[in-house]
Amino acid sequence: MMCAVVLGLLLACAVSLSSSAPVLDNGMPLMWSQTVDQVSALPKQNDVVTPDPWTFVNRMSLYRLLIAATDPYMGCMGTNATDSPVWGLPLQLAWMKTSGRLADPTGATTCGLETGDASCISPQSWWSCVNYFVSALPFLSAAQQGLMGADVQVTMQVPEGVEGYCTTYTECAASYPDAMTKWDAFFQRASKHRDGPETWFICPLEYNGLISDSAILARAT
């Protein structure tokens, strides 16, 4: 039952946020056209994919790749390309940006300010922190489960001098085992059916509180 509630909240989030023009650009989440649609297009160093989740387009790209990886298994949610409840997450990120919630709240830098470094996401922002746990963590889990390609290794970039954010699957699994275990279960089910016919892996109520637990965890850090 909890999973149904969580999915309902995500869908409600998507509907309410999409009604606000600033979060959309030609009917898609803000700056969607600038995001990448292939893992190979993300930054890479020594055969390790190194996304920078502290730039808006890179973090939004994580959502685009997650949606692409899970869309084939969302059939029960509807027939439209944007019926997946995962769409609620990039819409939320766009809302955070347009409302100024991703900017440096201390005023010590111009990170996130439209009059400064508008592409920056401040690690000092509480909202940025919360969103990190529902963007970087699920992406690391999906990559670990093979949804981003065979043997894809991922290390998230972190701004110099910033501490407290896990950057690899191993680190995140050790620091936040409950959240990562649930993301793993979610993506393992997808991976199981990856090479078969389309399925509705998300629909059985087996992932109670998956996204809400990650958000709660983020608020506790």
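This is a predicted model: local features need pLDDT of at least 70, side-chain atom pairs count only at pLDDT 80 or more; totals for chains, interfaces and linings use all residues.
Contact here means heavy atoms within 4.5 Å.

**Overall make-up**

The chain has 221 residues, of which 48% count as buried. Its secondary structure comes to eight helices and four strands. Read from the N terminus, the order of elements is α-β-β-β-β-α-α-α-α-α-α-α. Of the contacts between residues at least 6 apart in sequence, 69% join residues at least 24 apart.

**Helices α2 and α5**

Helix α2 covers residues 56–70 and helix α5 covers residues 136–144; their axes come within 10 Å and cross at roughly 45°. The crossing of α2 past α5 is left-handed.

Which residues in α2 and α5 meet? On the α2 side they are Leu-62, Leu-65 and Leu-66, and on the α5 side Ala-136, Pro-138, Phe-139 and Ala-142. Sorted by class, this contact has seven nonpolar residues, with no polar and no charged ones.

**Salt bridges**

A search of the whole structure finds two salt bridges. One joins the side chains of Lys-97 and Glu-114, with an N to O distance of 3.5 Å. This pair links distant parts of the chain: Lys-97 lies in helix α3 (residues 88–98), while Glu-114 lies 17 residues away in the loop between α3 and α4 (126–132). The two partners also fall into separate accessibility classes. Lys-97 counts as buried because its relative accessibility is 11%, whereas Glu-114, at 58%, counts as exposed.

The other salt bridge is formed by the side chains of Asp-178 and Lys-182, at 3.7 Å from N to O. Both residues belong to helix α7 (residues 177–192), and because they are four residues apart, about one helical turn separates them. Asp-178 is partly exposed, with a relative accessible area of 47%. Lys-182 is also partly exposed, and its relative accessible area is 24%.

**Positive phi values**

Met-31 is not a glycine, yet its phi is positive, at about 65°. Where is Met-31 found? It sits in the loop between β2 (28–29) and β3 (44–45). With a relative accessibility of 17%, Met-31 counts as buried.

Asp-47 is a residue other than glycine with a positive phi, near 65°. Its place is in the loop between β3 and β4 (48–49). Is Asp-47 buried or exposed? At 65% relative accessibility, Asp-47 counts as exposed.

**Accessibility of the named residues**

| Residue | Relative accessibility | Class |
|---|---|---|
| Lys-97 | 11% | buried |
| Glu-114 | 58% | exposed |
| Asp-178 | 47% | partly exposed |
| Lys-182 | 24% | partly exposed |
| Met-31 | 17% | buried |
| Asp-47 | 65% | exposed |

The classes follow from two cut-offs: buried means under 20% relative accessible area and exposed means over 50%, with partly exposed in between. Why does Met-31 count as buried? Its relative accessibility is 17%, and the limit for buried is under 20%.

Note on methods. Residues are numbered from 1 along each chain as its sequence is written. Side-chain values use heavy atoms; hydrogens and water are left out. Axes are lines fitted to C-alpha atoms, for helices over the stretch in contact, and angles run from 0 to 180 degrees between N-to-C directions. Helices (H or I, at least four residues) and strands (E, at least two) are DSSP runs, numbered from the N terminus. A crossing is left-handed if the near helix is turned anticlockwise from the far one by less than a right angle, and right-handed if clockwise. Ala, Val, Leu, Ile, Met, Phe, Trp, Tyr, Cys and Pro count as nonpolar, Asp, Glu, Lys and Arg as charged, and the others, Gly among them, as polar. A salt bridge is a side-chain nitrogen of Lys or Arg within 4 Å of a carboxyl oxygen of Asp or Glu. Buried means under 20% relative accessible area, exposed over 50%, partly exposed in between (1.4 Å probe, protein chains only).
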